[in-house]
Amino acid sequence: MTSSVPKSEPTATAPSPKWVQPTLLLAPAGIWLLLLLVVPTLLIFELSLVPNINPGGIVNPSGLDNYLRIVQPERLNVIWRSLLFAVGTTVLTLASGFPVAYYLALIAPQRWRNLLLLGFVLPLWTSSLLRSYAWITILRPTGVLNTFLSSLGLPTLDLLNRAPAVLIGMTYSLLPYMVLILYASLEKLDRRLLEASADLGATPQQTFWKVTVPQSLPGIAAGTLLVFINGLGDFINPELLGGTSSMTAARLIYNQFLGTTQNWGLGSALSMMLIMVVSLAIALLIKYGDNHAKSI
Amino acid sequence: MRSQSKFSWQALFTLLMFGFMYLPIAVLSFYSFNQAPNSAAWTGFTFSWYSQFLQDSRILSALMDSLAVSISAVALSAVIGTLMAIGLARYQFLGKGLYQGMAYLPLIIPDIAIAVATLVFLATIAVPLSLWTVIAAHVVFCLSYVALSVSTRLVDLNPHLEEAALDLGATPLQALVMVLLPQLMPAIISGCLLAFVLSMDDFLIVKFTAGGGVTTLPMEIFSRIRVSVKPDMNALSVFLMVTSGFVAIVAELMRQRTHKKRFQ
């Protein structure tokens, strides 16, 4: 980064050599990121190739044992569960977020739009731990939900420490992101296309599926990706709402480093796998996004 | 199109989802004033949970640690993140794509992976964990958010203003401080506020990079709520919500000011 070569210098009167300004601007952040992000990521890749490593062990690559250990049934189950949680959350946020974003961007009165959107995403600014904690208060056996249900004479639900609680917590945490992205996409929608479609005799359903949805596909793709990635790496909701039955990749990684039986090598391999899945998802989006752009 | 009645099903559904978003907040607020420590039933009004956490020295010292981390990390990120955004907007160079990829990587990689990588790095170079290691780790993602906010603003700026300053004899530093920075200030502030809130909220990266002497607010909250439901945590939640709600509204006003200026 320090050897950056500028093609255009904004001023001819600058007395310093051409490389000084770009270096001053780009080197501090560049060095910081290189040292604390790129090098560490390469280090965990190296560490992931070391079998049975414990804290303080010597970093010395020697095999793929840690990756083979991941594909054993019990750990594969954990990864499968993480993927299901991430996909489930993505589906739930898309299904519930699209109508909200549609209403906020296209139906709500113009002058209320910004305020309504801000109001919808405001809970995002509260502590994520305390948001999960609130769901514990609601979902626990003697909590708000069951008190409400039994006061109506309905059977109580045992949701806490099970998959439904994790899905509720994750959907709650990630829905504002989905709505924000879909809103940005729907707001830019060319309304004349909707009118033209209606004028040409399309039913509202046809207009929705053949004009609105295709036009907002980039937003849908971006929102889906963002929620999927964040859902896959989520630690707090599965940990606090999922109980022992909802072990996920992030929790497994956490335990390899801060749990009672540590294995840094295995934890590193799992982290690399998480990074690879995320990268794959982004690569797919870019590829798909390009195809989509071409098809228009 | 069919007539847009005021009570479309989308409006009703949106109202329902607003209820979903505010239900946990309403529940926490409600119980923060409830006398009974561990019951879903209302037994009477009290402020005691608020006075309890305000007198809790562990909570207050955790809050101090959190503020120390977030303020330091955001201050440093504001400087180097802004410089990076300006540099990226201004220059073409070999490997720019790679540099950009690296700059926005922290927005994409899951927190747990960043936390693990930083811990392994610190252990490898044998740096003892402390408040400083937490700050260093937080700068990584904070500077990405600041740079993202600043770079969107840079796109809309008039480059001739800075050129005019230079033509009129300003040094590049003067042009940067007196012409460019004032125009970027709303974007820098809104980026910093977002970074600050995310830094205050971070649990995983702190947990992995903090030494024994450091306990931030999320760490303290985590250790308490994992065991059981604690009514003073309700009061703390409400307190933090009001504070961060205020920050959110300031950030939004900043963003709108930036947005308005764009069309002047």
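Biologist: Among contacts in chain A between residues at least 6 apart in sequence, what share joins residues at least 24 apart?
Modeller: That share is 69%. Two residues are in contact if their C-beta atoms, placed from the backbone, lie within 7 Å. Keep in mind that this is a predicted model, where local features need pLDDT of at least 70, side-chain atom pairs count only at pLDDT 80 or more, and totals for chains, interfaces and linings use all residues. Residues are numbered from 1 along each chain as its sequence is written, while chains are lettered from A and ligands numbered from 1 in the order in which they are written.

Biologist: And what percentage for chain B?
Modeller: In chain B, 80% of the contacts with a separation of 6 or more link residues 24 or more positions apart.

Biologist: How many helices and strands are in chain A?
Modeller: Chain A has 13 helices and zero strands. Helices (H or I, at least four residues) and strands (E, at least two) are DSSP runs, numbered from the N terminus. Chain B has 11 helices and zero strands.

Biologist: What does chain B span along its principal axes?
Modeller: The C-alpha trace of chain B spans about 75 × 70 × 30 Å.

Biologist: How much of chain A is buried?
Modeller: Of its 296 residues, 44% are buried. A residue is buried if 20 or more other C-beta atoms lie within 10 Å of its own, exposed if 12 or fewer, and partly exposed in between. For chain B, 45% of 264 residues count as buried.

Biologist: Now H5(B). How many of its 14 residues are buried?
Modeller: 12 of the 14, so H5(B) is largely enclosed by the rest of the structure. The buried residues include B:Asp111, B:Ile114 and B:Phe121.

Biologist: What span should helix H5 of chain B have at 1.5 Å a residue?
Modeller: It should span 20 Å over residues 111-124, and its end C-alpha atoms are 20 Å apart, which agrees. The expected span is 1.5 Å times one less than the number of residues.

Biologist: Which residue with a positive phi follows H5(B)?
Modeller: B:Ala126, with phi near 55 degrees. Most residues other than glycine have a negative phi. B:Ala126 sits in the loop between H5 and helix H6 (131-156) of chain B. It has 7 C-beta neighbours inside 10 Å, so B:Ala126 counts as exposed.

Biologist: What about phi of A:Asn161?
Modeller: Also a positive value, near 65 degrees. A:Asn161 is in the loop between helix H6 (144-151) and helix H7 (163-187) of chain A. With 18 C-beta neighbours inside 10 Å, A:Asn161 counts as partly exposed.

Biologist: Is A:Thr248 buried or exposed?
Modeller: Buried, with 27 C-beta neighbours inside 10 Å. A:Thr248 lies in the loop between helix H11 (236-241) and helix H12 (249-258) of chain A. A:Thr248 and A:Ser82 are 166 residues apart in sequence, yet 5.0 Å apart C-alpha to C-alpha. Leaving out residues up to four places away in sequence, A:Thr248 touches A:Val78, A:Arg81, A:Ser82, A:Phe85 and A:Pro238.

Biologist: Helix packing next. At what angle do H7(A) and H10(A) cross?
Modeller: Roughly 160 degrees, with axes that come within 8 Å. Axes are lines fitted to C-alpha atoms, for helices over the stretch in contact, and angles run from 0 to 180 degrees between N-to-C directions. That makes H7(A) roughly antiparallel to H10(A). Angles under 35 degrees count as roughly parallel, over 145 as roughly antiparallel, 65 to 115 as roughly perpendicular and the rest as oblique.

Biologist: Which classes make up the contact of H7(A) with H10(A)?
Modeller: It divides into 13 nonpolar, five polar and no charged residues. Ala, Val, Leu, Ile, Met, Phe, Trp, Tyr, Cys and Pro count as nonpolar, Asp, Glu, Lys and Arg as charged, and the others, Gly among them, as polar.

Biologist: How many residues does each chain give to the contact between chains A and B?
Modeller: Chain A gives 79 residues and chain B gives 77. Helix H1 (residues 20-48) of chain A supplies the largest share of the chain A side, 18 residues. By class, that side has 59 nonpolar, 18 polar and two charged residues.

Biologist: At what angle do H5(A) and H10(B) pack?
Modeller: About 20 degrees, with axes 10 Å apart. That makes H5(A) roughly parallel to H10(B). A:Leu129, A:Leu130 and A:Tyr133 of H5(A) meet B:Pro218, B:Ile221, B:Phe222 and B:Ile225 of H10(B). The residues of this contact are seven nonpolar, no polar and no charged.
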